[in-house]
Amino acid sequence: MEKSMVVIASVLVLAVFPYQIQSYYNSYYWLSIDCGGTNTWEDPLTDQWWELDNSFIKTGQNILLSVSTDRLPLETLRYFPEGNKNCYSMPLEVPLKYLIRAGFYYGNYDNLFKPPTFNLEIDGNLWATVTTSLGTDPIYHEVIYITRKENVNICLNQTQQGQIPFISSLEAVPLRSDIYRLMSNKTALYLEHRTNYGANETFPERFNIYTDDFYRFWKPIQLPNYQNLFNGIDNGFSSNADNLPPYKVLNYAIRGQNISDSIFLPIDFHETSIQLLAYFVFYFYNVGGPRPVLNNISNQIVYINGVEKNATTIRPYGDCVVVSVYPVNVTGKANVTIAPAQGTTLPPILNAMEVFTTIEVSTSSMSLHSCTSWFVFLGLFYLVL
């Protein structure tokens, strides 16, 4: 009896202990970190506050750049002259799917004219090799990631002598669980490309969260060999189609010049010699002007590296059609073809495309709540014995 009471008391203590730890743990549903910043500020595009980074890392030095940009988080940075590995700890909700984006803008902050190259890790997994430049455009690396423990560690690793890592911004944007639904729990998705076809380079890459719920960056591009279309409608909302693409993106498109023409798109990947698993997402939406002809349809087939992956029909007045293709083995480059199919009355069309490659991630990490379950189970097991 005495033994039983001791065991029961121990089980209760072990069960409560992790929750008491949890009471001191402040998680963020959405987290934006202005690396090297000196003031918090509210982002008008997201209605979220950018936090100072000294609550999330204790190493490195802050610096204010002598150049100004149109993106406030890029005007400061934190660099790491000491230690081969320096890590941010991001306290996020568990388990939850996030878009995590790291931004880098060198700006010749050290007056050396030597932009560094270094590695970026997420929870001990290689995320990307960051190759910075003297250019005026920032560099972003983005990953879709499912949290498995309360703190996500983002580390910058020095890989070459004299190449000092730095970082300008770090964001974690929550996603719905059904976004990028083919994603495996054992992988993360590294963004290779997210393209807004048909829009010229002056069109914004980013929109407010009322236009794009997930604050994604869509790179505008026009291709001279195709019709670059805009339907003339400025719709500031998202479609209800898969992944909730914004209509500001869908209202632009490229289309073949003639009904028999195909769209050919070479896709480059960050690794040129290693085979990767790729995840393609195609967005199709009729852009025929304010009053498209009712019986005009686009019947089209998607090929990747000559292999048919999908056949679909895009109708006037219909919502966006989303085609997701995963997994696809690629090495260095892939060739996408969107070809006309039998019965089409319009050339093929493409509004937007996202391309990811997978990162294998460890699933062994346990959250405090998982630990609690194990504590209780082991205690009860001992009590039975």
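Leaving aside neighbours within four places in sequence, T337 is in contact (heavy atoms within 4.5 Å) with S262, I263, F264, I301, V302 and Y303. The model is predicted: local features need pLDDT of at least 70 and side-chain atom pairs count only at pLDDT 80 or more, while totals for chains, interfaces and linings use all residues. Residues are numbered from 1 along each chain as its sequence is written, and side-chain values use heavy atoms, with hydrogens and water left out.

**T337 and the chain**
- T337 belongs to strand β23, residues 333-340, and is buried, with a relative accessible area of 16%; buried means under 20% relative accessible area, with a 1.4 Å probe and protein chains only.
- The chain contains three helices and 25 strands, which are DSSP runs numbered from the N terminus (helices H or I, at least four residues; strands E, at least two).
- Of the 385 residues in the chain, 51% are buried.
- Among contacts with a separation of 6 or more, 77% join residues 24 or more positions apart.

**Nonpolar cores**
- The largest nonpolar core has 39 residues, and those with the most contacts inside it are Y88, I100, W127 and I154; such a core is a set of buried Ala, Val, Leu, Ile, Met, Phe, Trp, Tyr and Cys residues joined through side-chain atoms within 4.5 Å.
- Strand β7 (residues 97-104) supplies the largest share of this core, four residues.
- A second, separate core of 37 residues includes L189, L244, V281 and Y283.
- Not counting residues up to four places away in sequence, the residues that I154 touches include Y88, I100, L120, W127 and L170.

**Pockets**
- The largest pocket has a volume of about 1,500 Å³; on a 1 Å grid over the protein atoms alone, a pocket is an open set of points with protein on both sides within 12 Å along at least five of seven lines, and lining residues have an atom within 4 Å of a point.
- A volume is the space filled by probe spheres set on the points, which are joined across faces, edges and corners.
- Of the 48 residues lining the largest pocket, Y140, L191, E192, H193 and K219 are the closest to its centre.
- Strand β14 gives the most to this lining, with seven residues.
- The second largest pocket holds about 170 Å³ of space.
- Its lining has 16 residues, of which D43, R71, P73, R206 and Y215 are the closest to the centre.

Definitions and conventions. Buried means under 20% relative accessible area, exposed over 50%, partly exposed in between (1.4 Å probe, protein chains only). On a 1 Å grid over the protein atoms alone, a cavity is a set of points where a 1.4 Å probe fits but cannot get out, and a pocket is an open set with protein on both sides within 12 Å along at least five of seven lines; lining residues have an atom within 4 Å of a point.
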